[in-house]
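Visitor: Could you walk me through this one? I'm new to reading structures.

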Amino acid sequence: GDRGGSSRGGGATSATDAVDFDALARRVGEVWLTEVASEEECEWVIATAEDHNAAKGGWACRQPRFAPEGTVANAVRAPDMLVADEPRLLAWLNDKCDHTILPALEAQFGIPARELWLYDTFLLKFSGTPGESGLGVHVDDDGFGLSFNVLLSDPADFEGGGTRFPPNAFSSEEAVYTPRRGQMLSHYGGLRHASVPCTGGLRYIMV
């Protein structure tokens with residue numbers, strides 16, 4: 001089927017063959033930032049998503065997804081859409097996967113790009129509206145995949161925002177990342193993380 005087409009949590013997963021699990025274990029605490037999209041591409045993705053949702057009568061807000069016991073998934077909600085629901089966005093994403101996203105994950109985690117595939121990708125639209133400012137502390141889906149998010153908005157168009165990683169087995173300090181527009185933040189999906197709340201404007205991300 002097409003990549004990014006299921007309804008599970010966002011990110012990528014892999015087959016078990018050709019994977020160096022010892023090396024992977026050393027890398028699961030790392031968070032990388034990689035340039036994957038131009039300003040013009042980000043503008044186009046946002047405009048295409050807005051047109052798609054306007055034609056449907058507005059953005060949807062799907063039900064909270066599963067998270068393992070001990071995490072609080074989607075403590076607040078935000079309007080979202082599956083990339084696979086818009087053919088032009090899906091074609092763009094698949095091209096990005098081939099040329100930038102999956103090669104970057106291979107470099108980060110040591111898993112061959114050919115062994116990686118998307119099981120879900122969606123866009124989130126955060127704002128300062130109560131209940132739409134970000135996601136609470138959670139892991140992504142079942143916590144066994146690899147995760148990424150790409151900032152689509154110009155940082156000048158919103159206040160707050162970013163991704164926060166509470167202290168964990170790999171670091172005793174909290175870490176906060178504020179990517180530039182078009183940068184991909186990637187990490188092991190089992191690392192607990194949360195949005196830094198958006199307090200004004202609009203913050204679009206692809207997850």
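Guide: Here is a short tour, from the overall picture to single residues.

Guide: This is a predicted model, where local features need pLDDT of at least 70, side-chain atom pairs count only at pLDDT 80 or more, and totals for chains, interfaces and linings use all residues. Residues are numbered from 1 along each chain as its sequence is written, and side-chain values use heavy atoms, with hydrogens and water left out.

Visitor: What is the mean pLDDT?

Guide: The mean is 85. pLDDT is the predictor's confidence in each residue, from 0 to 100. In this protein, 81% of residues reach 70 or more.

Visitor: Where does pLDDT stay under 50?

Guide: Over residues 1-10. The model still has 33 contacts beyond four places in sequence for them. A contact means heavy atoms within 4.5 Å. Where pLDDT is low, predicted coordinates should not be read in detail.

Visitor: OK, new topic. How many helices and strands?

Guide: Three helices and 12 strands. Both are DSSP runs, numbered from the N terminus: helices are H or I with at least four residues, strands are E with at least two.

Visitor: And how much of the protein is buried?

Guide: Buried residues make up 51% of the 207 residues. Buried means under 20% relative accessible area, exposed means over 50%, and partly exposed is in between, using a 1.4 Å probe and protein chains only.

Visitor: What share of the contacts links residues 24 or more positions apart?

Guide: 83% of the contacts with a separation of 6 or more.

Visitor: How many cavities of 30 Å³ or more are there?

Guide: One. On a 1 Å grid over the protein atoms alone, a cavity is a set of points where a 1.4 Å probe fits but cannot get out, and lining residues have an atom within 4 Å of a point. Grid points are joined across faces, edges and corners, and the volume is the space filled by probe spheres set on the points.

Visitor: Which residues are closest to its centre?

Guide: H138, N149, H193, I205 and V207, out of 19 lining residues. Strands β5 (122-127), β6 (146-151), β11 (194-195) and β12 (198-206) each supply at least two residues of the lining.

Visitor: What kinds of residue line it?

Guide: Eight nonpolar, eight polar and three charged. Ala, Val, Leu, Ile, Met, Phe, Trp, Tyr, Cys and Pro count as nonpolar, Asp, Glu, Lys and Arg as charged, and the others, Gly among them, as polar.

Visitor: You named N149. What does Q183 touch?

Guide: Q183 touches N149, along with L33, T34, E35, V150 and L151, not counting residues up to four places away in sequence. Q183 is in strand β10 (residues 183-188).

Visitor: Why does Q183 count as buried?

Guide: Because its relative accessibility is 6%.

Visitor: Now C42. Where is that?

Guide: In helix α2 (residues 39-55). C42 is buried, with a relative accessible area of 0%. Setting aside residues up to four places away in sequence, C42 touches A37, L151, L152, R181 and G182.

Visitor: Is P155 buried or partly exposed?

Guide: Partly exposed, at 38% relative accessible area. P155 lies in the loop between β6 and β7 (158-160). Beyond neighbours within four places in sequence, P155 is in contact with P179 and R181.

Visitor: Last one. Where is D140?

Guide: D140 sits in the loop between β5 and β6. D140 is buried, at 7%.

Note on methods
On a 1 Å grid over the protein atoms alone, a cavity is a set of points where a 1.4 Å probe fits but cannot get out, and a pocket is an open set with protein on both sides within 12 Å along at least five of seven lines; lining residues have an atom within 4 Å of a point.
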